[in-house]
Amino acid sequence: MTTREILVTSALPYANGAIHLGHMLEHIQSDIWVRAMRMAGHTVHYVCADDAHGSAIMLRAEKEGITPQALIDAVWKEHSSAFRDFGVAYDHYSSTHTDANRELTARIWLALKAAGHTQSRPVKQLYDPVKAMFLPDRYIKGECPKCHSKDQYGDGCEVCGTAYTPADLINPYSVVSGATPELKESTHFFVKLADFEVMLKGWLAQRRDAGGLQAEVVNKLQEWFADGLRSWDVSRDAPYFGFEIPDAPGKFFYVWVDAPVGYLAAFKELCDSGRNGLRPDDLERFIRADSKTEMVHFIGKDIIYFHTLFWPAMLHGAGLRTPSAVNVHGFLTVNGAKMSKSRGTFIEARTYLDHLDPDYLRYFFATQLVPSLADVDLDMKAFEDRVNSHLVGKWVNIASRCAGFVHKFFGGKLAAQMPASESAAYAAAAQKLSTCAALYEARDYAAAMRAIIEVADEANAYVATNAPWTMAKDESKRDALHVVCTLAINYFRLLTVWLAPVVPATAARAFAFLGESPTRFDAAIQPRLGASIREFSALATRIDTNKIEAMIEASKENLQAVAPATPAAPTPAPQATVATISIDDFAKLDLRIGTVLECGFVEGSDKLLRFLLDAGDLGQRQIFSGIRASYGEPEKLVGRKVVFIANLAPRKMRFGVSEGMILSAGSGGSDLHLLDADAGAKSGMPVK
Ligand SMILES: [Zn+2]
């Protein structure tokens with residue numbers, strides 16, 4: 001076998017919120033791969049970093065009254081410790097806001113420029129005159145030009161689903177200052193992606209055929225080529241938290257330029273540190289176009305374009321190597337649904353660690369992970385059952401049933417040899433599990449776990465059939481007992497070697513019990529005979545349902561604190577503008593009490609709930625309300641009283657007609673709270 005040298009990365013978490021189990025799915029997937037490839041004998045360098053740039057970070061730091069540097073430093077500590085405590089063992093965990101990244105980003109940009117792959121031209125964009133900044137689309141809100149819903153984002157309407165540009169909004173306002181944005185012109189820089197069309201088509205096909213890209217990923221990308229590749233806008237105007245573009249004062253690289261370069265910058269820092277047997281000049285050996293090394297990225301399906309179009313184009317255009325593989329996974333769902341803060345299934349990594357063993361989640365994810373873009377579901381019942389049945393009941397149990405006899409009768413030593421039948425059984429099991437190396441490499445962890453559990457079942461059947469606890473009562477059967485315990489402990493050792501990439505901490509305790517620390521899969525080809533083992537102590541305990549419930553409860557409490565901001569949808573509240581109105585203005589509103597008859601999700605909308613209200617003498621009213629993020633269990637609202645505006649003009653929406661508006665308090669998103677009425681209020685009563 002030739003030894004390969006591989007640089008492995010996970011997608012860079014945005015430095016603007018806590019690590020949650022959705023992130024952990026990817027980082028656990030890549031960590032298992034790294035550990036397995038090392039145990040197969042390859043040299044692997046494993047790096048990641050916080051993605052620390054962009055408007056969202058700048059504005060959040062400002063809101064918290066700290067510098068962006070202070071914000072990203074605090075988040076870095078939290079992120080890096082969450083990964084470490086989950087056993088995700090990066091050789092280096094960096095940030096994109098480093099000198100190494102500044103230099104590499106500039107180098108790639110200048111090379112693209114020198115090769116004629118860049119251009120600049122004026123772009124008209126909405127500008128906040130109060131804040132003196134150009135506004136990203138998500139920081140502009142206004143009325144949808146199509147359905148006239150208020151407070152819709154600049155890139156599309158969440159009520160009717162229409163996509164548009166911020167310039168199309170009616171009465172737009174800046175989410176940052178509340179000011180009316182102005183259209184202002186500014187020079188932007190672009191990478192001419194069309195220059196790379198032929199190269200990218202060839203690269204995608206080549207990587208797909210070589211197993212470096214999933215066919216479903218390559219198929220998804222075909223539509224991008226249909227209309228020709230448009231130039232990619234890579235600059236943002238000051239104020240912006242990021243790297244200034246060389247020779248362009250006041251112009252900054254868009255966060256998606258320096259984020260992937262951050263993979264290489266983190267690796268550069270690792271080379272410079274001298275760890276992993278690397279030296280500073282190893283960076284060039286890795287990134288030059290004809291490098292014999294591999295570069296493997298693990299990402300989620302939401303960032304495919306950046307990694308399979310922009311990133312290889314940038315690298316190739318700068319005369320550097322392209323990724324060997326981009327491994328894409330699906331999203332995490334919990335209990336069959338999108339992670340939800342109100343249901344307590346939006347679980348932060350730290351909250352999980354406060355209640356449960358990280359190896360349990362690693363194992364469960366491994367049983368679910370296959371090399372496709374399918375979503376992975378963390379069903380809490382299945383999680384509990386599988387950990388208890390597989391890890392505790394089938395794996396650890398083998399050792400716990402036999403270790404005591406080895407100490408009681410044989411001085412803690414395994415038999416020096418086994419009869420032919422036992423040797424053959426061991427060899428067959430070892431042969432069967434040797435197929436797992438290829439399954440790990442192909443990221444078919446689910447198939448690897450099935451093979452491991454099948455061998456565990458054989459081992460348990462062997463122990464049950466021979467019943468060492470019965471043999472131990474018969475002094476004439478000591479030798480036979482020794483053989484049974486020796487094969488059983490070797491089965492346990494074999495399983496531990498193959499489970500080690502998935503459950504590293506538990507495996508380390510198991511190896512301490514076995515008195516060795518193997519680092520290679522091939523350590524398990526031969527049984528370990530005549531060796532001493534330590535006293536057995538519990539390696540893993542069953543999951544207690546109460547702990548899962550406590551974790552869900554604690555995740556609900558997180559909601560009461562600050563909801564973690566996400567880069568995709570920053571929603572700082574606009575400043576309230578309160579003008580006075582006359583009592584006559586107020587009287588125009590027909591506010592009424594309604595009783596909820598039906599309430600449920602709306603298919604195709606992640607924002608709306610559909611209500612059917614009993615409005616007393618007004619009859620029944622259907623109203624769509626954008627409070628889904630706050631009320632994840634709409635059926636629980638049935639029967640309660642709400643306050644609604646009865647004389648709002650009916651609005652035709654994609655999902656049906658909305659006949660009024662239900663009132664709630666709060667700033668939006670997951671911070672919305674329905675108003676209540678005291679006992680005595682009846683359906684249809686006016687509110688004055
Ligand atoms: Zn609309």
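This is a predicted model: local features need pLDDT of at least 70, side-chain atom pairs count only at pLDDT 80 or more; totals for chains, interfaces and linings use all residues.
1. Where does P239 lie? P239 sits in the loop that runs between strand 11 (235-237) and strand 12 (251-253). The peptide bond joining A238 and P239 is cis, with omega about 0°.

2. N276 belongs to the loop between helix 7 (255-273) and helix 8 (282-287). As background to both points, most residues other than glycine have a negative phi, and most peptide bonds are trans.

3. On domains, the assignment for the chain lists four entries: domain 1 (5-116 + 196-232 + 241-329), domain 2 (118-190), domain 3 (396-524) and domain 4 (583-687). Between the C-alpha centres of domain 2 and domain 3 there are 63 Å.

4. Three strands form an open sheet in the order 7-6-8, and their pairing is antiparallel. Strand 7 (152-153) and strand 8 (170-174) are the edge strands, each pairing on one side only. Strand 6 (residues 140-143) is joined to strand 8 by three bridges in the antiparallel sense.

5. Strand 17 (residues 591-601) has several antiparallel pairings. Strand 26 (residues 686-687) is joined to strand 17 by two bridges, with P686 in strand 26 as the bridge partner of R592.

6. For helix packing, consider helix 12 (residues 380-410) and helix 17 (residues 478-499). Their axes come within 9 Å and cross at roughly 140°. An angle over 145 degrees would count as roughly antiparallel; helix 12 and helix 17 are therefore oblique to each other. The crossing of helix 12 and helix 17 is left-handed.

7. Which residues of helix 12 meet helix 17? On the helix 12 side they are W395, I398, A399, C402, A403, F405, V406, F409 and F410. On the helix 17 side the partners are R478, L481, H482, C485, A488, I489, Y491, F492, L495 and L499. By class, the residues of the contact of helix 12 with helix 17 divide into 17 nonpolar, one polar and one charged.

Definitions and conventions. Residues are numbered from 1 along each chain as its sequence is written. Axes are lines fitted to C-alpha atoms, for helices over the stretch in contact, and angles run from 0 to 180 degrees between N-to-C directions. Helices (H or I, at least four residues) and strands (E, at least two) are DSSP runs, numbered from the N terminus. Angles under 35 degrees count as roughly parallel, over 145 as roughly antiparallel, 65 to 115 as roughly perpendicular and the rest as oblique. A crossing is left-handed if the near helix is turned anticlockwise from the far one by less than a right angle, and right-handed if clockwise. Two residues are in contact if their C-beta atoms, placed from the backbone, lie within 7 Å. Ala, Val, Leu, Ile, Met, Phe, Trp, Tyr, Cys and Pro count as nonpolar, Asp, Glu, Lys and Arg as charged, and the others, Gly among them, as polar. Two strands pair if DSSP finds at least two bridges between them. Domain bounds come from an automatic or database domain assignment.
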